[in-house]
Amino acid sequence: MEKEQCLIITGCQGSGKSSLAYFAALTYEKKNFTILPVSNPYDILTSNLSESKAVFILDDVVGKHALNAKKMYSLEFGMSEVEKILFRNRQNLKLIITCCSNIFESSNLLSITSAFHLNLHSNELTLSSDERKELLRMYSNESILKSELSDEILLSHDNLPFVCSFCSNYSCDITNYFDNPQEIILKDLKEKIQKNEKLFVSLALLVVCNDKINENSLKNRITAT
């Protein structure tokens with residue numbers, strides 16, 4: 001970000017896009033920048049930016065799981081004004097955008113923004129075998145570290161941060177877990193839902209609310225119905 005004022009980070013779900021965005025932003029916190037997560041370009045346009053230093057984070061810019069038409073419309077009509085503001089404040093304002101790879105490919109975002117593109121799955125940025133092993137160590141317990149997970153298995157997962165975040169729950173059969181993580185997590189989740197209906201309702205709410213729930217939003221939804 002020293003050279004680029006605006007970045008767009010793409011990768012599959014669970015690849016660490018958001019974590020990387022916040023990590024990059026936090027390096028600027030030491031330089032007296034304020035970290036400001038925003039939902040759309042208009043949040044930036046309406047911010048009080050007089051003599052301030054800020055890194056804006058626009059996470060899942062046009063949708064988390066699929067292309068969101070409303071978010072896309074907002075980006076199309078607001079991004080040009082945002083880039084004008086950024087250009088006028090080159091030293092004090094930064095913008096980091098994240099987008100899921102499949103959504104990025106279908107939305108043609110680079111026709112809307114001049115952001116510098118970082119593809120986490122490109123040959124230059126994809127994690128090496130050693131980096132993947134180090135990531136596994138961060139999430140693992142001793143039994144997992146003693147297991148014989150091949151480089152081939154670790155290299156097969158583009159969403160390795162997500163896969164590793166659950167691995168300690170399945171350390172008794174870690175090889176099978178890394179062979180079929182989604183299948184095993186889904187099976188485990190279904191079993192838990194069958195035992196606890198409240199869990200099912202909670203998960204449904206998270207999906208409907210795009211993983212963002214607070215007491216006021218729930219009260220508003222209940223009142224509206």
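This is a predicted model: local features need pLDDT of at least 70, side-chain atom pairs count only at pLDDT 80 or more; totals for chains, interfaces and linings use all residues.
A search of the whole structure identified 4 aromatic pairs. Among them is the pair formed by Tyr 28 and Phe 33, which is edge-to-face, with 5.1 Å from centre to centre and 80° between the planes. Planes over 60 degrees apart count as edge-to-face, and the 80° of Tyr 28 and Phe 33 therefore places the pair in that class. Both partners are buried: Tyr 28 has a relative accessible area of 5%, and Phe 33 has a relative accessible area of 7%. Because buried means under 20% relative accessible area, both the 5% of Tyr 28 and the 7% of Phe 33 qualify. Tyr 28 also has a charged neighbour, since Lys 31 lies over the face of its ring, at 4.5 Å from the ring centre.

A further pair is formed by Tyr 73 and Phe 77, whose ring centres are 4.5 Å apart. The planes of these two rings meet at 40°, so the pair is tilted. Tyr 73 and Phe 77 both belong to helix α3, which spans residues 69-88, and are separated by 4 residues, about one turn of the helix. Both Tyr 73 and Phe 77 are exposed.

Ser 74 is likewise located in helix α3. Ser 74 is buried, with a relative accessible area of 11%, whereas Tyr 73 and Phe 77 are exposed. When residues up to four places away in sequence are not counted, Ser 74 touches Asn 40, Pro 41, Tyr 42 and Met 79.

Conventions: Residues are numbered from 1 along each chain as its sequence is written. Side-chain values use heavy atoms; hydrogens and water are left out. Rings of Phe, Tyr and Trp (its six-membered ring) pair if their centres lie within 6.5 Å; planes under 30 degrees apart count as stacked, over 60 as edge-to-face and the rest as tilted. Buried means under 20% relative accessible area, exposed over 50%, partly exposed in between (1.4 Å probe, protein chains only). Helices (H or I, at least four residues) and strands (E, at least two) are DSSP runs, numbered from the N terminus. A charge sits over a ring if NZ of Lys or CZ of Arg is within 6 Å of the ring centre and within 35 degrees of the ring normal. Contact means heavy atoms within 4.5 Å.
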